[in-house]
Amino acid sequence: MKIIELTKDNISDVAVFSGVDIAENIGRTNYRGLMALEDNIFRGGLIWQYKNTDDGYESFIEWFLAANREISRALFSSYTEMIEKEDVKSSTITIPAIQSLEEKEILKDAGFYVRITESDKIIVELSELSEMPIMMERHISRRIKSIGDITVRQFKNGIERCVAAGKKGLCEDLKELPISAFEPDVSACYLDDEGEVAGLFLFHMLPSGMLTIELMICLEKDVGKALMGMMRLFVIKMEEKYPPDTKILLNRHNQASLLLSEKLLPRGFGIPEYQGKRTELKKGEADV
Amino acid sequence: MSDIKKEIVGSAMNIVLGKEVDSKTAPELQEIVMSSVGDVSEVNFDCTNLVYLTSAGLRVLLLALQEMDDKGGSMTLKNVSPYIKSIFKMTGFLNILTIID
């Protein structure tokens with residue numbers, strides 16, 4: 001058996017197992033992956049993302065698959081070696097909860113404390129967003145524009161302001177992403193009195209055809225009004241371009257996005273999943 | 001007056017759900033479940049009367065499942081209508097619930 005690192009050159013071998021949406025992240029600076037091969041046949045894999053959080057530098061495993069426990073042990077052994085070099089404080093893994101206990105036991109074997117929980121991610125259809133109460137008002141402030149209607153300089157300056165304020169949304173590598181990473185028509189921005197970007201509502205089109213929110217931020221005082229305005233523009237532009245059953249992935253990854261989701265989509269519920277967490281110790285440290 | 005009924009039989013908690021488990025009734029259900037969940041190894045929900053279930057209700061079920069899952073206990077649901085089953089299917093709950101026909 002051999003464990004090899006995933007790269008842009010070999011990720012296509014794994015995408016059929018991981019799904020194209022996860023696979024497209026290999027190549028980004030904060031994403032890593034591994035695959036296990038036996039006789040050159042795929043037997044398992046891991047894809048994770050490094051993030052700076054309030055608790056320190058953490059690893060979030062976004063995809064895991066192993067044919068058996070031996071493969072799992074080999075994958076996590078290589079994974080642990082790699083993250084040790086990055087000074088990662090803890091690892092979190094989420095997998096869809098299924099009836100079988102096997103995957104949960106495999107994660108426990110790997111040292112994770114595992115609990116069934118509700119996913120942060122919910123998938124809604126465009127038609128549900130069209131029915132939100134805020135869409136009864138269709139007027140868009142002239143301060144709110146699609147990012148396709150602003151200059152690259154304005155966009156980059158807006159990103160710099162967000163990053164300087166500690167706001168990166170779901171993109172740890174936000175500063176490195178080009179404007180083309182986001183849908184130009186439906187992603188929105190909020191302009192301040194000087195015509196500079198002071199708010200962003202950025203959407204990325206996943207390879208599967210689903211849209212995902214990557215950043216939702218406003219740095220102005222009138223945050224609520226600005227965010228609702230950008231959301232309105234997003235829905236109106238989506239209605240012009242996409243069918244009502246177009247799927248949008250919302251990741252309620254922090255309190256602000258959770259509250260917004262609860263307000264706009266009170267019926268939204270994330271699928272049950274197993275979430276595992278473990279503290280990463282440096283070599284030689286004892287877990288006391 | 002609540003239409004939720006609870007009965008403890010040995011190490012099992014049997015709960016008969018009311019017509020609706022939504023944001024109004026879910027807090028009471030949660031209180032009823034959580035007040036005894038530490039003392040049992042089995043939670044059984046009777047859904048005969050249940051016709052309406054929202055995300056608030058799903059969260060209570062998930063809480064109960066979390067507690068049972070943590071201690072290696074069990075949780076079942078019986079007499080689940082096709083409509084409620086469709087909600088479980090849409091939300092992914094069908095994969096993790098033990099539904100007795």
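Me: How many salt bridges does the rule find across the interface of chain B and chain A?
Reply: There are four salt bridges across that interface in this predicted model. A search over all chains of the whole structure gives 21.

Me: Why is the pairing of Glu118(A) and Arg59(B) called a salt bridge?
Reply: The rule asks for a side-chain nitrogen of Lys or Arg within 4 Å of a carboxyl oxygen of Asp or Glu. The N to O distance between the side chains of Glu118(A) and Arg59(B) is 2.7 Å, so the pair meets the rule.

Me: Which part of chain B gives the largest share of the side that touches chain A?
Reply: That is helix 2 of chain B, with nine residues. The residues on this side of chain B divide into six nonpolar, six polar and four charged.

Me: What makes up the contact between the two chains, in residues and in area?
Reply: On chain B, 16 residues are in contact with 19 residues of chain A. The two chains bury about 1400 Å² between them, and 48% of that is on carbon and sulfur atoms. Arg59(B), Gln66(B) and Asp69(B) supply 35% of the area that chain B buries against chain A, more than any other three residues.

Me: Which residue of chain A forms a salt bridge with Glu118(A), and what does the pair tie together?
Reply: The partner is Arg252(A), at 3.0 Å from N to O. Glu118(A) is in strand 6 of chain A and Arg252(A) is in the loop between strand 12 and helix 8, so the pair ties together parts that are 134 residues apart in sequence.

Me: How do you know whether Glu118(A) and Arg252(A) are buried or exposed?
Reply: Buried means under 20% relative accessible area. Glu118(A) has 15%, so it counts as buried. Arg252(A) has 6%, and therefore Arg252(A) is buried too.

Me: What is said of Lys175(A) and Glu160(A) by that scale?
Reply: Lys175(A) has 52%, and exposed means over 50%, so Lys175(A) is exposed.

Me: Why do Lys175(A) and Glu160(A) count as a salt bridge?
Reply: Their closest N and O atoms are 3.9 Å apart, and the limit is 4 Å, so the pair counts. Lys175(A) lies in the loop between helix 6 and strand 9 of chain A and Glu160(A) in helix 6, so the pair ties together parts 15 residues apart in sequence.

Me: Which residues are joined into one network by salt bridges that share partners?
Reply: Arg69(A), Arg73(A) and Asp109(A) are joined in this way.

Me: What links Asp173(A) with Arg28(A)?
Reply: Their side chains meet in a salt bridge, 2.7 Å from N to O. The two residues are 145 residues apart, in distant parts of the chain. Both Asp173(A) and Arg28(A) are buried.

Me: Which residues have the most contacts inside the largest nonpolar core?
Reply: They are Phe64(A), Phe76(A), Phe45(B), Met75(B) and Phe88(B), in a core of 58 residues. Helix 2 of chain B gives the most to this core, with seven residues. Another core, of 33 residues, lies apart from it and includes Val186(A) and Leu250(A).

Terms used: Residues numbered from 1 in each chain as written. Chains lettered and ligands numbered in written order. Predicted model: local features only at pLDDT ≥ 70, side-chain atom pairs only at ≥ 80, totals over all residues. Heavy atoms only, no water. Core = buried A, V, L, I, M, F, W, Y, C linked by side-chain atoms within 4.5 Å. Buried < 20%, exposed > 50% of the residue type's maximum accessible area, 1.4 Å probe, protein only. Helix = DSSP H or I, 4+ residues; strand = E, 2+ residues; numbered from the N terminus. Contact = heavy atoms within 4.5 Å. Buried area = accessible area lost by both parts, 1.4 Å probe. Nonpolar A, V, L, I, M, F, W, Y, C, P; charged D, E, K, R; others polar.
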